Amino acid sequence: MSLALAPVRTAPAVRTEAPRISGSAIRSAAPLQAAAQSAAPTAPLADRAPRVRAVPEGTEARGFVLYVGIDESKADADGTTLHRIVEALRALTGEIAPSAETYAAVALAPAGAGGRDVDVVRLALQDPAALAKQRDAGETRADADRHPNGVIIDISRKRVLLDGEPAGLTYKEFELLQFLVLREGRTIDRHELIDNLWAGEEEVPSERTIDVHVRRLRSKLAHYQDIVRTVRGVGYRFDRHADVSIRQASTPSPDLY
């Protein structure tokens, strides 16, 4: 999955340029502890301020990162926008700490790539823990090559392995499977498949032809054919299965719709 950062263009409530924080600084910065509720209201501010934990000797905390995972559609459902969320957080920061500098950026990912929003943000910002988790997942997938039982859908290499053996899909059959896989858990109707997989072609298939393509795909998936499900009266969908491993390149596929 390819990730990028896009700056949020807003009228700054506070300064919008801040020193770049290194990966080691992000790694060493820990969440802030809540201020002790038992502190007397008249205690000095320094005594009541939250403390930053786990700062190694010889370093100092210069700020923090708050990962917010939400896309525009979810924000809209909550009655807001990403822009308003950013402005509210900036205004709060300016109220609490007028001398603070802020910088906001939007994490971008290929449309339909899936995954938890907050994980996309963490990877885009090179969060060390998220990167380590991604590396571990890559090592797990490498193990699947050494023990290839099940289905491996390798989008980066345009191939499907069944128990270690090539499934022998045609180009169009692989495109069909890939289209469903990249929209995991969503039912795709036949018209959407036609509009995306046969766009610009002289011969546009009928809905019945789509059913034929799906039957041929399933027959080549053999005893794993149930990974492509039929939703009666609607279309088809791909649901993640314990026997299925999906691999993608670090950059979006050119036919990622």
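A residue counts as buried when its relative accessible area is under 20%, as exposed when that area is over 50%, and as partly exposed in between (1.4 Å probe, protein chains only). The model is predicted, and local features need pLDDT of at least 70, side-chain atom pairs count only at pLDDT 80 or more, and totals for chains, interfaces and linings use all residues. Residues are numbered from 1 along each chain as its sequence is written, and side-chain values use heavy atoms, with hydrogens and water left out.

View 1. The chain contains 9 helices and 9 strands, where helices (H or I, at least four residues) and strands (E, at least two) are DSSP runs numbered from the N terminus. Of the 257 residues in the chain, 28% are buried. When contacts (heavy atoms within 4.5 Å) between residues at least 6 apart in sequence are considered, 60% of them join residues at least 24 apart.

**View 2. Strand S3 and the open sheet around it.** An open sheet is formed by 4 strands in the order S5-S4-S3-S9, and its pairing is mixed; two strands pair if DSSP finds at least two bridges between them. The edges are strand S5 (165–166) and S9, each of which pairs on one side only. Strand S3, residues 151–154, is joined to strand S4, residues 159–162, by 4 bridges in the antiparallel sense, while S3 and strand S9, residues 244–247, run parallel and are also joined by 4 bridges.

**View 3. The hairpin of S3 and S4, and the surroundings of valine 151.** S3 and S4 make a hairpin with 4 residues between them, and in its turn lysine 158 has a positive phi of about 55°. Valine 151 has leucine 162 as its bridge partner in S4. Apart from neighbours within four places in sequence, valine 151 is in contact with Val160, Leu161, Leu162, Tyr224, Ile227, Asp243, Val244 and Ser245.

**View 4. Tyrosine 224, in a loop beside the sheet residues.** Tyrosine 224 belongs to the loop between H9 and strand S7 (228–231), and it counts as buried because its relative accessibility is 13%. When neighbours within four places in sequence are set aside, tyrosine 224 is in contact with Gly150, Val151, Leu162, Asp163 and Asp243. Tyrosine 224 and aspartate 243 are 19 residues apart along the chain, and their C-alpha atoms are separated by 8.5 Å.

**View 5. The crossing of helices H8 and H9.** Two packed helices are described by the angle between their axes and the distance between the axes. Here the axes of helix H8, residues 190–197, and helix H9, residues 207–221, come within 10 Å and cross at roughly 85°; axes are lines fitted to C-alpha atoms, for helices over the stretch in contact, and angles run from 0 to 180 degrees between N-to-C directions. On the H8 side Arg190, His191, Leu193 and Ile194 take part, and they meet Glu207, Ile210 and Asp211 in H9.

**View 6. Proline 205, in the loop that joins H8 to H9.** Proline 205 lies in the loop between these two helices, H8 and H9, and counts as buried because its relative accessibility is 13%. Leaving out residues up to four places away in sequence, proline 205 touches Ile194, Trp198 and Ile210. The C-alpha atoms of proline 205 and isoleucine 194 are separated by 6.9 Å, although these residues are 11 residues apart along the chain.

**View 7. Glutamate 173 in helix H7.** Glutamate 173 is part of helix H7, which spans residues 171–181, and at 6% relative accessibility glutamate 173 counts as buried. Beyond the residues up to four places away in sequence, glutamate 173 touches Gly168, Arg216, Leu217 and Lys220.

**View 8. The largest nonpolar core.** A nonpolar core is a set of buried Ala, Val, Leu, Ile, Met, Phe, Trp, Tyr and Cys residues joined through side-chain atoms within 4.5 Å. The largest one has 29 residues, of which Val151, Ile153, Val160, Leu193, Ile227, Val228 and Phe238 touch the most other members. Two or more residues of this core come from each of S3, S4, H7, H8, H9, strand S8 (235–238) and S9, and H7 gives the largest share, 6 residues.
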